[in-house]
Amino acid sequence: MPCEMHSIIVLSFIAVGLSSTSVAVPSELYSPLIPQKIQAAFNKFKTNPIRYPQYTDTSGIWQYFSPNMWPSGFFPATLYGLNERNALCPSTPANGLGMVNWLELGRSATGNLVPPEPENTPDHDRAFLISFLEELAINPGNTTAQAIIVDFAKILADRFNPAVGCTRSSDGSDPFVGILPSPSRFGAVLMIPNVESHHRRYDEPRAFDHRCQSHGQHDLLRDGRSIWQMVEYNSTTGEVIGKRTIQGYSDNSAWTRGQAWGIYGFANMFKLTGEKKYLKTARRLADYFINRLPGDGIVPWDFDAPLLPAPRAADSSAACIAAAALLLLARYEIDKANMDNYTNSAIQIVDAITSLAWAPSWESLLSNATVNKPAGNALTGSIYALPSADG
């Protein structure tokens, strides 16, 4: 999942405030190609039927998918991200940000997303939520966005199994599967009181938070530092019956995008709850990621994948997710030394992956993503994003 367009945008405007960093920000983050490519993708996506970009082919051409696919909210969130960037880094002839009204485009793209009905939610992964969170960050009084987030949180809560201590990833009989992104989804439940006061399945969000942390803090973590992609449970007893990493090199390997999502998820939970247990977990995951970077700083698709045959595949999406997650962690870090380390590491990661994967001739911003190496999907561009509302 390479392009990580929105994360690049988030990094570029956050970097404006990094005057204390000792690391130079790559000039490509301010290239006019960024708004040009994203406007071109918007123009192409506005076809009938509406389809959303998810990843490119190996020549850099976007592949478009139905809006009911789980990553559909990432592209509208990218448009909101450019709107925010334009507010923080006003448009100039050099950066080209003034070419369109990015907020108008973001709202237009979001309007084509159809939230799932409660009876049509075979899994918990609903990235459509991202762009509605972006809208609420701009207009907290938007009742449509409020209702969609509340409905999503209810759906998520209904998938929670108290015996297991996490949400079910996908429907079916045992094993009950909890997957890596779960900790970053819990924020939707925890933010319900901030959106609307109503009866909830969980009367006390902290009780829900406590159960969730058991799954995230203990079952998902391998040796307390790296992370599994999924954990399988007995749905009646809550007993762990298996752990897997299906998109990594092996079940026991350190899949980098999973590690990056973990940093983001626990950093975001610390932001939302103030609970230091989440900060400690985010630190452990971040330190592991940073310490395992190879000498050239380029994030591989899996830290434990063989070096031969060379070159080992990179993953530009993992790099950008990790960098954005490290900046989120740095923003809420309470230790100055850690804050500086995470900030500088984020910029170094972006500098290394930009040197490798900046792709002016591609429709995506970056090449060299690894969407799913075991399934043969690699060397592409990707749309995966992190919401700037959370960053």
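Start with the surface: the chain exposes about 15,200 Å², and carbon and sulfur atoms supply 51% of that area. Keep in mind that you're looking at a predicted model. Of the 391 residues in the chain, 59% are buried. Now think about contacts between residues at least 6 apart in sequence: 69% of them join residues that are at least 24 apart.

Let's pick out an open sheet of three strands, which come in the order β5-β8-β9 with antiparallel pairing. Which strands stand at the edges? Those are β5 (176-179) and β9 (240-244). Each has a single partner strand, so one side of each is left without a neighbour in the sheet. On average, neighbouring strands here are turned by 20 degrees against each other, if you ignore direction.

What holds such strands side by side? In general, the strands of a sheet pair through backbone hydrogen bonds, and the pairing can be parallel or antiparallel. Here's how the two pairings in our sheet look:

| Strand pair | Sense | Bridges |
|---|---|---|
| β5 and β8 | antiparallel | four bridges |
| β8 and β9 | antiparallel | four bridges |

Gly 178 has Val 231 in β8 as its bridge partner. On the other pairing, Met 230 stands opposite Arg 244 in β9. The strand that Met 230 belongs to, β8, covers residues 230-233.

Now look at which way the residues of β5 point. Phe 176 and Gly 178 face one way, while Val 177 and Ile 179 face the other way. Are these four buried or exposed? All of them are buried.

**Zooming in on Arg 244**

Arg 244 sits in strand β9. Is it buried, exposed or something in between? Its relative accessible area is 33%, so Arg 244 counts as partly exposed, since that label covers the range between under 20% (buried) and over 50% (exposed).

Who does Arg 244 meet? Leaving out residues up to four places away in sequence, Arg 244 touches Trp 228, Gln 229, Met 230, Glu 232 and Asp 251. Take Gln 229 from that group: it is 15 residues away from Arg 244 along the chain, and their C-alpha atoms are separated by 6.0 Å. Glu 232 is another one to find on screen, as its side chain and that of Arg 244 are joined by a polar contact of 3.0 Å.

Notes. Residues are numbered from 1 along each chain as its sequence is written. This is a predicted model: local features need pLDDT of at least 70, side-chain atom pairs count only at pLDDT 80 or more; totals for chains, interfaces and linings use all residues. Side-chain values use heavy atoms; hydrogens and water are left out. Buried means under 20% relative accessible area, exposed over 50%, partly exposed in between (1.4 Å probe, protein chains only). Contact means heavy atoms within 4.5 Å. Accessible areas come from the Shrake-Rupley method with a 1.4 Å probe; for residues, only the protein chains shown count as cover. Two strands pair if DSSP finds at least two bridges between them. Helices (H or I, at least four residues) and strands (E, at least two) are DSSP runs, numbered from the N terminus. Axes are lines fitted to C-alpha atoms, for helices over the stretch in contact, and angles run from 0 to 180 degrees between N-to-C directions. A polar contact is a pair of N or O atoms within 3.5 Å; within protein, one must be able to donate a hydrogen and the other to accept it, and residues adjacent in sequence count only if both atoms are side-chain atoms.
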